[in-house]
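Please keep the sequence and the coordinates at hand while reading.

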Amino acid sequence: MVSTACLLFALIIPAKQQRTPNIIALFIALVCWGLSWPLNNMAWTEKTGDISFSAVQGNIPQNLKWDPDFIHTTIINYIGLSEDQWQQELIIWPENAIPLFYNRARGLMAQLDRMARQNNSTLILGMPVDDNAGSETRYFNSILSLGEG
């Protein structure tokens with residue numbers, strides 16, 4: 001709504017020589033806005049069931065998050081915080097919860113996958129991934145689903 005008001009203001013105020021193209025643009029914007037109004041009442045999603053979940057936040061200080069001496073503590077922290085949550089269908093850890101590249105944490109990922117599967121749960125977490133396939137290494141944020149999901 002605010003962006004539409006700003007657009008209207010920008011199109012109406014300019015000098016006289018620009019008024020005709022601006023009025024046409026204003027008309028097009030108003031028509032598009034008007035035609036989209038009925039979409040507000042559209043049901044875009046449909047509930048298919050309930051799911052139990054827990055969001056786990058380790059609250060790791062940023063100055064320690066990537067500290068190599070603190071990585072083990074971070075991992076233990078997240079596993080400990082999740083211990084009482086395995087009865088949930090879905091457990092969510094934040095982006096870069098595990099401050100290791102995926103290829104350096106395969107054993108840990110296998111362990112977390114086993115824990116989730118043993119409890120019929122799914123663990124979704126974020127961690128960095130490095131791609132060495134090309135001539136230079138590229139780095140990505142990733143999302144992983146472990147367990148039943």
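How many helices and how many strands does the chain have?

## Overall layout and confidence

The chain has five helices and four strands, and, when they are read along the sequence, these elements follow the pattern α-α-β-α-α-β-α-β-β. The model is a predicted one, with a mean pLDDT of 86 over the chain and with 87% of the residues reaching 70 or more. Among the elements, helix H1, residues 2-12, has the lowest mean pLDDT, at 62, whereas strand E2, residues 90-92, has the highest, at 97.

Of the 149 residues of the chain, 29% count as buried. When contacts with a separation of 6 or more are considered, 60% of them are accounted for by residues 24 or more positions apart.

## The four-stranded sheet

The strands form an open sheet of four with the order E1-E2-E3-E4 and with mixed pairing. Strand E1 (53-55) and strand E4 are the edge strands, each of which pairs on one side only. Neighbouring strands of the sheet are turned against each other by 25 degrees on average, with direction ignored.

Strand by strand, the pairing can be followed across the sheet. E1 and E2 run parallel and are joined by three bridges, and in this part of the sheet Phe 53 stands opposite Leu 90 in E2. The pairing of E2 with E3 is also in the parallel sense, over three bridges, and here Leu 90 has Thr 122 in E3 as its bridge partner.

Strand E3 is largely enclosed by the rest of the structure, because seven of its ten residues are buried.

Which residues touch the most other members of the largest nonpolar core? Of the 23 residues in this core, they are Trp 93, Ile 98, Leu 108, Met 109, Leu 112, Leu 123 and Leu 125. The elements that contribute two or more residues to the core are helix H4 (71-82), helix H5 (106-118), strand E3 (122-131) and strand E4 (138-147). Of the contributions to this core, that of H5 is the largest, at five residues.

Leu 125 illustrates how these parts meet: with neighbours within four places in sequence left aside, Leu 125 is in contact with Trp 93, Pro 94, Ile 98, Met 109, Leu 112, Ser 142, Ile 143, Leu 144 and Leu 146. Helix H5 itself packs on the sheet, where it touches E3 and E4, and the direction of the helix makes about 30 degrees with that of E4.

## Two residues in detail

Is Ser 54 buried or exposed? Ser 54 lies in strand E1, and it counts as buried because its relative accessibility is 9%, which falls under the 20% cut-off. The side chain of Ser 54 makes a polar contact, at 2.6 Å, with the side chain of Gln 85. Beyond its neighbours within four places in sequence, Ser 54 is in contact with Gln 85, Gln 88, Leu 90, Ile 91 and Ile 92.

Arg 114 is found in helix H5, and, with a relative accessibility of 49%, it counts as partly exposed. Although Arg 114 and Leu 146 are 32 residues apart along the chain, their C-alpha atoms are separated by 8.3 Å.

Key:
Residues numbered from 1 in each chain as written. Predicted model: local features only at pLDDT ≥ 70, side-chain atom pairs only at ≥ 80, totals over all residues. Heavy atoms only, no water. Core = buried A, V, L, I, M, F, W, Y, C linked by side-chain atoms within 4.5 Å. Buried < 20%, exposed > 50% of the residue type's maximum accessible area, 1.4 Å probe, protein only. Contact = heavy atoms within 4.5 Å. pLDDT = per-residue confidence, 0-100. Pairing = 2+ DSSP bridges. Axes fitted to C-alpha atoms, helices over the stretch in contact; angles between N-to-C directions. Polar contact = N/O pair within 3.5 Å; in protein donor to acceptor, adjacent residues only side chain to side chain.
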